[in-house]
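Here are some notes on this chain, written for someone reading a structure for the first time. Please keep the picture open while going through the points.

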Amino acid sequence: LKRCHFYLLGLLSIFSCSLFLMLTTYVRPLDDDIQYTLGAKTYGLFGQLIPAYWHTNGRIFATWLAGFNPATFGYIHHFYLTLFFLMALLPVSFYFLLKQIFPKSEWSRMEYSLWALIFSTIFFEVTPNLSESNYWLAGAATYFAPCVLFNFYLAIWLGKIQKRDWAISFY
């Protein structure tokens with residue numbers, strides 16, 4: 001891949017990722033998002049977890065994340081910020097993962113960043129139901145957030161293995 005082609009692909013990825021991020025500004029709470037917001041307001045962020053786990057959905061972290069949004073704290077017009085930050089974390093997680101997969105590479109920070117954006121664009125493009133998995137907060141907490149967290153987890157795990165620090169990596 002020639003350098004100019006690589007940077008052109010990077011610019012297209014920046015444009016594509018920015019479109020996906022821009023769409024989050026049009027998201028408003030609906031259905032489950034309102035239910036989790038009202039549950040967090042009524043019972044507190046942690047008070048709604050056990051009843052929701054036993055009676056509704058069987059998820060704890062996703063319920064907490066869906067309840068932890070600006071609407072819970074009275075900022076309903078900033079509801080989209082949770083989704084925006086979740087989606088903005090994807091390129092960051094790919095960046096750290098690439099830094100751990102290729103630690104001795106001669107790539108610059110810019111090249112790591114462009115590859116992270118390219119992988120993020122591919123991820124967004126191949127997601128089968130983007131509206132449910134990224135733009136619906138309950139769906140993003142259930143389907144998208146674990147993908148982002150897995151990238152961070154894998155990057156940390158690879159970093160520990162490369163340092164041969166077995167005691168810390170498993171305990």
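1. Along the sequence the pattern reads α-α-α-α-α-α-α-α-α. That comes to 9 helices and 0 strands. Please bear in mind that this is a predicted model.

2. Overall dimensions come next. The C-alpha trace spans about 55 × 45 × 25 Å along its principal axes. The chain has 171 residues, and 40% of them count as buried. Among contacts between residues at least 6 apart in sequence, 66% join residues at least 24 apart.

3. Helix H8 covers residues 137-162. Its 26 residues, at 1.5 Å a residue, should span 38 Å, and the end C-alpha atoms are 36 Å apart, which agrees. H8 also has a kink of about 40° at Phe144, shortly before the proline Pro146. Phe144 is itself one of the buried residues of H8, a list that also includes Leu137, Ala145, Val148, Asn151 and Ile161.

4. Helix H6, residues 109-126, can be checked in the same manner: its 18 residues should span 26 Å, and the end C-alpha atoms are 26 Å apart, which agrees. Buried residues in H6 include Tyr112, Leu114, Leu117, Ile118, Thr121 and Phe124. An α-helix has 3.6 residues a turn, so residues three or four places apart point the same way. Which elements cover the buried residues of H6? The cover includes H1, helix H5 (80-101), helix H7 (130-133) and H8.

5. Ser13 lies in helix H1. Is Ser13 buried or exposed? Ser13 has a relative accessible area of 3%, and because buried means under 20%, Ser13 counts as buried. Leaving aside residues up to four places away in sequence, Ser13 touches Leu117, Ile118 and Thr121. Leu117, Ile118 and Thr121 are among the buried residues of H6, and H1 is among the elements covering the buried residues of that helix.

6. Tyr26 is found in the loop between helix H1 (3-23) and helix H2 (32-43). Its relative accessible area is 63%; exposed means over 50%, so Tyr26 is exposed. Together with Phe15, Leu19, Met22 and Leu23, Tyr26 makes a nonpolar surface patch of about 540 Å².

Methods
Residues are numbered from 1 along each chain as its sequence is written. This is a predicted model: local features need pLDDT of at least 70, side-chain atom pairs count only at pLDDT 80 or more; totals for chains, interfaces and linings use all residues. Side-chain values use heavy atoms; hydrogens and water are left out. Patches are made of residues with over 30% relative accessible area and no salt bridge: like charges are joined within 9 Å, nonpolar side chains (Val, Leu, Ile, Met, Phe, Trp, Tyr) within 5 Å. Accessible areas come from the Shrake-Rupley method with a 1.4 Å probe; for residues, only the protein chains shown count as cover. A salt bridge is a side-chain nitrogen of Lys or Arg within 4 Å of a carboxyl oxygen of Asp or Glu. Helices (H or I, at least four residues) and strands (E, at least two) are DSSP runs, numbered from the N terminus. Buried means under 20% relative accessible area, exposed over 50%, partly exposed in between (1.4 Å probe, protein chains only). Contact means heavy atoms within 4.5 Å. The expected span of a helix is 1.5 Å times one less than its number of residues. The bend at a residue is the angle between axes fitted to the seven residues ending there and the seven starting there.
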